[in-house]
Amino acid sequence: MTEHRIGTQEEWQAERQALLQDEKELTRRGDELARKRRELPWVPVDKDYRFETEAGTRSLADLFDGRSQLLVYHFMFGPSYTAGCPVCSSIADTLAPQAVHLRARDTTLLLASRAPLERLLAYRDRMGWPIEWVSSAGSDFNRDLGFVSTEEELKPFLEGEIPPVVEQMAEAAGTSVAGYVAEGPGLSAYALEDGTVYRTYVTTARGLEPAMAYYGLLDRTARGRHEEGELEHWLRRHDEYAD
Amino acid sequence: MPVPAVGTQEEWLSARKELLDAEKKHSRQGDELARRRRELPWVPIDVEYTFETSDGTKTLADLFDGRSQLLVYHFMFGVGFRVDDENPGCTGCSFVADHFDGVVPHLNGHDVTLVSESIAPLDQLQAYAARMGWQFPWVSSLGSDFRYDFGAAFTEDQQQHGADYNFKHEDHVPAQREGLSTFVLRDGVVHHTYSTYARGVEQLMGTFRFLDVAPLGRNEDPKQPGAWWHRHDEYETLKEARA
């Protein structure tokens, strides 16, 4: 750990107060962005997607489960994976306990992946997540949102130098690099009105950080995320940490 | 339900891209604030605080549990939102705490310990944690000045004459408020690095981040934004009672 400036309570207080003004400003800008999200046009989903669920084959409208809003986390667990992506697993650790509160806001939150349902449910048992997980195997659902890439599309990436973190994650998911990166993570939001499903919002990459609650906490610690330049990602599945 | 314009995929995409630029800017501004948090001076703590824990009486340094950083959530117990003899944990703090168990293994794996603290007998905290199914460490600061010194509890005199909360003077303060304080242990000395209160605590609550991407957003009554919150084991009960 590098040397750090030590101060008095008064010095800390003065600097903390200045920072607070900017934190409040950022919070309010976040509120403003949330308002803009709600102003995006709603796009009717006219494709009849099918999902394998614990209750049998279901349509996208069925997945709302009687509520008016649906949030789908596109969890990277492709057909060639033997275990879920560790990063998506850390996200799901934080999603599961939130589902009950979201239901109280008329919102269903679930996970969707392309691996067969049995494999998803077996992994869910291992991880202990009380959250619905559906398989979109055999549907274009993930592909249409841009969360599945073909071998052709991946060619430039696969022919380049593969970052060690990608190799680490592929190995942890029990698949090849090509198999691993065929899947992409994402979050998509839907509204159901008068029997029509509308897609309202889609995000990926750092847009998923709001679902990675540990980063919000690490951003408030003395050392922050301190992961820059590390060849191996520090994340593990919750049952894989050494202690 | 206020229905936004229905649009084509092309209209949505063009509006979404514009919003993405604003979202990226917001992420980067957040990174900048995280950097500034890490630049705050560290303030050495010379008071010997003690806590009752499931492993006996511990000092603040002990609470680090072998790691270099400590996050303490100031949980309101016996006071707060929708509290009575049978439901002693504040409903808002219970909602916050529902997010903890999912992040604890990841924080611990990254050299950070997360602990909740309340001014209440330990056995009462343990009984409530058992009801809620929580595993995270929860310590009693009953009889200690700890929570008062970190601005999340107020003496009777302060309650009558006002005090600082969230770095601002309030003419009226309740007995307790919510907050998070962070510490670093260096060469055996505990330093205070950061505290946050009020909406600063929203960073710990992924549920809001999810609602912020849902079609209708937080969808709260502006006069009573928390009216929909319940303890996670109360939502179904309420639904049955209404039916």
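**Entry 1: a strand and its partners**

I looked up Ser181(B) and found that its bridge partner in β10(B) is Ser195(B). Helices (H or I, at least four residues) and strands (E, at least two) are DSSP runs, numbered from the N terminus. The model is predicted, so I kept its ground rules beside me: local features need pLDDT of at least 70, side-chain atom pairs count only at pLDDT 80 or more, and totals for chains, interfaces and linings use all residues. Residues are numbered from 1 along each chain as its sequence is written, chains are lettered from A and ligands numbered from 1 in the order written, and side-chain values use heavy atoms, with hydrogens and water left out.

Strand β9 (residues 179–186) of chain B pairs with β10(B) in the antiparallel sense over 8 bridges; two strands pair if DSSP finds at least two bridges between them. The two strands make a hairpin with 2 residues between them, and Asp187(B) in the turn has a positive phi of about 50°.

I also checked strand β1 (residues 43–44) of chain B, which pairs with β10(B) in the antiparallel sense over 2 bridges. There, Val43(B) has His192(B) as its bridge partner.

How many residues of β10 (residues 189–197) of chain B are buried? I noted 8 of its 9. Buried means under 20% relative accessible area, exposed over 50%, and partly exposed in between (1.4 Å probe, protein chains only).

Asp101(B) sits in helix α4 (residues 100–108) of chain B. I wrote it down as partly exposed because its relative accessibility is 24%. Not counting residues up to four places away in sequence, Asp101(B) touches Gly133(B), Trp134(B), Gln135(B) and Phe136(B), where contact means heavy atoms within 4.5 Å. Its side chain reaches the backbone nitrogen of Phe136(B) at 2.9 Å.

Around it in α4(B), I listed buried residues including Phe100(B), Val103(B) and His106(B). The buried residues of this helix pack against α3 (86–95) and α10 (213–218) of chain A, together with β4 (69–74), α3 (91–97) and β5 (112–118) of chain B.

Is Asp212(B) buried or exposed? Asp212(B) counts as buried because its relative accessible area is 6%. I found this residue in the loop between α8 (206–211) and α9 (235–242) of chain B. Leaving aside neighbours within four places in sequence, Asp212(B) is in contact with Ala34(A), Arg37(A) and Arg218(B).

**Entry 2: where the chains meet**

I counted in 83 residues from chain B and 86 residues from chain A at the contact. Together the chains bury about 8200 Å², 63% of it on carbon and sulfur atoms; buried area is the accessible area (1.4 Å probe) that two parts lose on being put together, summed over both. In chain B, His106(B), His110(B) and Phe210(B) lose the most area to chain A, together 10% of what that side buries.

Which residue forms a salt bridge with Asp31(B)? That is Arg206(A), with the closest N and O atoms 2.7 Å apart. The count between the two chains is 6 salt bridges, each a side-chain nitrogen of Lys or Arg within 4 Å of a carboxyl oxygen of Asp or Glu. Helix α1 (residues 9–39) of chain B gives the largest share of the side of chain B that touches chain A, 19 residues.

Key. A polar contact is a pair of N or O atoms within 3.5 Å; within protein, one must be able to donate a hydrogen and the other to accept it, and residues adjacent in sequence count only if both atoms are side-chain atoms.
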